[in-house]
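Please read this briefing with the sequence and the model open. The points are grouped by topic.

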Amino acid sequence: MENLIITDLSKTYNNGVKALHKVSLQIPVGMFGLLGPNGAGKSTLMRTIATLQEADSGSIQLGNLNILENKNELKKVLGYLPQQFGVYPALSAEMLLNHLAVLKGIINRKERKEMIQNLLDKVNLYEVRKQKLGEFSGGMKQRFGIAQALLNNPKLLIVDEPTAGLDPVERNRFYNLLSQVSEHTIVILSTHIVDDVKELCPRMAIINKGKVIIQGNPSQIIETLQGRVYEKTIQKNELEQYKNEYQVISDRLYLGNQIVHVISDIHPGSTFKLIEANLEDVYMSQIFNS
Ligand SMILES: Nc1ncnc2c1ncn2[C@@H]1O[C@H](COP(=O)(O)OP(=O)(O)OP(=O)(O)O)[C@@H](O)[C@H]1O
């Protein structure tokens, strides 16, 4: 199957912000998680892959297709769910899908009708197909967003922070859907939620300040930290002191206490407990060091 290969992609906005700096990624069929803090460059990367904005330099290849030089060809095989997906509130799900299908060039009426029914069924919106989109919940709107992105049976599906604002049940439902699609499709999922990537994505990358800082299989990436992450419960007012003395990669409150995770090549002392590293530790340590 075809891979998506991104090589040395760079983009500096007019205001001087270097949003992408020589980004290179290899993305096979399946779910690919793109993690990074706010402003890391995830949306810029996604919009560039979707050819909605230009890069300054670099290339993107989907199999034999040079994406940046063949935008129209890409559109035939791309599905895209942007971060802000607007719907026409007065239209029903079925009407808007029909309209979008015509725009995507599916002109045969019977073929279009069948496709729309299948999609509505797939995203579990068939029962509410006649309801106005303005009356849909956040989760229903996102499932509609995926339905429109799947209209042309894409080889490449890009979803930009799709679960923001969804409750756990809807999030789960949405991810099951993506997971199904990813059996035959390259799915790039951008998110801040580290656990989602761990559960769903056989491959991932972390980007920060426009640069890829790590990419690979989540389990293998976690392995690189094993034996070096320690945990300790401290008083809230001791946090600054610990940050000065140790490489604290995360601190969180639990039942009113402060729990810190520290990275160290040697045991930092008997009051610390060696713990099994997780993807959150990898993420925090990579962001901390970059
Ligand atoms: N049109 C623009 N003009 C100028 N700067 C921009 C523009 N779009 C994004 N930026 C800047 O580029 C950097 C990367 O932004 P981008 O939206 O790609 O990050 P992100 O990882 O998607 O962030 P978030 O998780 O907050 O959505 C940020 O510093 C942002 O302020």
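Helices (H or I, at least four residues) and strands (E, at least two) are DSSP runs, numbered from the N terminus. By that rule the protein chain has ten helices and 14 strands. This is a predicted model, in which local features need pLDDT of at least 70 and side-chain atom pairs count only at pLDDT 80 or more, while totals for chains, interfaces and linings use all residues. Residues are numbered from 1 along each chain as its sequence is written.

**Whole chain**
- The C-alpha trace of the protein chain spans about 70 × 45 × 40 Å along its principal axes.
- A residue is buried if 20 or more other C-beta atoms lie within 10 Å of its own, exposed if 12 or fewer, and partly exposed in between, with C-beta atoms placed from the backbone.
- Of the 290 residues in the protein chain, 35% are buried.
- Two residues are in contact if their C-beta atoms, placed from the backbone, lie within 7 Å.
- Among contacts in the protein chain with a separation of 6 or more, 68% come from residues 24 or more positions apart.

**Two domains**
- The protein chain is divided into domain 1 (4–215) and domain 2 (224–289), with bounds that come from an automatic or database domain assignment.
- The centres of the two domains, taken over C-alpha atoms, are separated by 35 Å.
- Nine residues of domain 1 are in contact with five residues of domain 2.
- On the side of domain 1 that touches domain 2, α7 (194–200), β9 (203–208) and β10 (211–216) each supply at least two residues; α7 gives the most, with three.
- That side of domain 1 has seven nonpolar residues, one polar and one charged (Ala, Val, Leu, Ile, Met, Phe, Trp, Tyr, Cys and Pro count as nonpolar, Asp, Glu, Lys and Arg as charged, and the others, Gly among them, as polar).

**Helix α1**
- Helix α1 (residues 42–49) is mostly covered, with seven of its eight residues buried.
- The buried residues of α1 are K42, T44, L45, M46, R47, T48 and I49.
- Just after α1, T51 has a positive phi of about 55°.

**Helices α3 and α4**
- Helix α3 (residues 93–103) packs against helix α4 (residues 109–122) at an angle of about 130°, and their axes are 10 Å apart (axes are lines fitted to C-alpha atoms, for helices over the stretch in contact, and angles run from 0 to 180 degrees between N-to-C directions).
- From α3, the contact uses A93, E94, L97, N98 and A101; from α4, it uses R112, M115, I116, L119 and L120.
- By class, this contact of α3 with α4 has seven nonpolar, one polar and two charged residues.
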